[in-house]
Amino acid sequence: MIDYSKILTPTIQEMKPSGIRKFFDLLETHKNAISLTIGEPDFTTPWHIREAGIHSLEKGRTYYTSNSGTLELREAISEYLSRKFNLSYCPKNEIVVTVGGSEAIDAAMRAVVAPGDEVIIPQPSFVCYGPLCTLCGGVPVYINTKEENKFKLTADELRSAITPRTKLLVLPYPNNPTGAVMTRAELEQLAEVLRETNIMVLSDEIYGELTYGMRHTSIAELDGMRERTILASGFSKAYAMTGWRLGYLCAPRELAVQMLKIHQYAIMCAPTTSQFAAIEAMRNGDSDIDMMREEYNRRRRFLVSGLRKIGISCFEPEGAFYAYPNISSFGMTSEEFCKRLLDEYNVAIVPGTAFGECGEGFARISYAYSVDHIAKALDRIEAFKKSIG
């Protein structure tokens, strides 16, 4: 018999599986459960975007594209970023089309992080940053953001975490799971710290279109920050295109051409059909975003208000489509709370600890679901609360 423990690398054996998927997979044994677990829009990809993908198939456009993606799509991304966020990237050599935003994050990590390099990661945050850093031989340095600071990274926290080995700062805003958003003034405070260093920024802006009551600002827009920022984004959240698996990274040419090499050898190119659909999304999808954002905003207000009426404290999210209620008053761990809620009342949410140890005492609830779906879940959460006093 082969001893696979001696075959597999220690790094991969020590890596924990996603805490999000753990609770999603539990739904298989809870057939009537209401799930508020996954960050996936419940909207179908708008028809005109699907039609563009279908039309590309009908035209026989089933070939490989350039490794960077079609020039037409890269031009559309460049125009979109300029129009929406005042960012300027050359479509010829500063944009790479990837398989989802996740590949963009992976390529950025692998291009920048060498063994022993430290990567500062604010938490709670999405689950991939730390493991991808570790796979590169890097050392994750976690900063536990605080509810009293609206889960935002502060300049003092950043400054205190920097060492001579710090190579990269991950900036995950708008934030999953908290819904926190960094204002331009707050980003400027971080930029003041970073300008004194050689540290790069990996800015994950996948939720950049989903902010409520304010415009998203990219740190790359600030003076002196474009040259030290890798921007990762994609089409999944803003355009309800999760299954199309398409994203992109933007960076100064000297960085982009290196990340392109990683993409060439690992992926070749992103799906051709998806790229043609994405061109249509970028050029004619603004009204779709506006409609979906308005509906998410309605669900956001409904969910947060409902939790507070029940007596569950909840920070008001300003972006993305998640609420992050404080459940510490229930006197149980986050995992125990979520497990009992699922087993006893058939409602699935995600423990805050899936997004870092500082998530103890919190849970993530996705409102990428209908108001009726959320309302039923709130009724069951209220019944659960009453059952335990």
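Modeller: Happy to! In this predicted model, helix α4 (residues 71-85) packs with helix α10 (residues 272-284) at an angle of about 25 degrees, their axes 9 Å apart. That angle makes α4 roughly parallel to α10, and the crossing of the two is left-handed. On the α4 side, the contact is made by E72, L73, A76, I77, Y80 and R83, while α10 brings Q275, A278, I279, M282 and R283. Sorted by class, the contact of α4 with α10 has 7 nonpolar, 1 polar and 3 charged residues.

Now to the rings: the structure holds 16 aromatic pairs. Take F151 and F315, whose ring centres are 5.4 Å apart with planes at 80 degrees, so this pair is edge-to-face. F151 sits in the loop between β4 (139-144) and α7 (155-161), and F315 in strand β9 (residues 314-315), so the pair ties together parts that are 164 residues apart in sequence. F151 is buried, at a relative accessible area of 3%, and F315 is buried too, at 9%.

Another pair is Y345 with F384: the centres of their rings are 5.8 Å apart and the planes lie at 55 degrees, so the pair is tilted. Y345 belongs to helix α12 (residues 334-345) and F384 to helix α13 (residues 371-387), so here the parts tied together are 39 residues apart in sequence. Y345 is partly exposed, with a relative accessible area of 25%, whereas F384 is buried, with 0%. Finally, have a look at F43, Y207, Y296, F321 and Y322, which ring pairs link into a cluster.

Definitions and conventions. Residues are numbered from 1 along each chain as its sequence is written. This is a predicted model: local features need pLDDT of at least 70, side-chain atom pairs count only at pLDDT 80 or more; totals for chains, interfaces and linings use all residues. Side-chain values use heavy atoms; hydrogens and water are left out. Axes are lines fitted to C-alpha atoms, for helices over the stretch in contact, and angles run from 0 to 180 degrees between N-to-C directions. Helices (H or I, at least four residues) and strands (E, at least two) are DSSP runs, numbered from the N terminus. Angles under 35 degrees count as roughly parallel, over 145 as roughly antiparallel, 65 to 115 as roughly perpendicular and the rest as oblique. A crossing is left-handed if the near helix is turned anticlockwise from the far one by less than a right angle, and right-handed if clockwise. Contact means heavy atoms within 4.5 Å. Ala, Val, Leu, Ile, Met, Phe, Trp, Tyr, Cys and Pro count as nonpolar, Asp, Glu, Lys and Arg as charged, and the others, Gly among them, as polar. Rings of Phe, Tyr and Trp (its six-membered ring) pair if their centres lie within 6.5 Å; planes under 30 degrees apart count as stacked, over 60 as edge-to-face and the rest as tilted. Buried means under 20% relative accessible area, exposed over 50%, partly exposed in between (1.4 Å probe, protein chains only).
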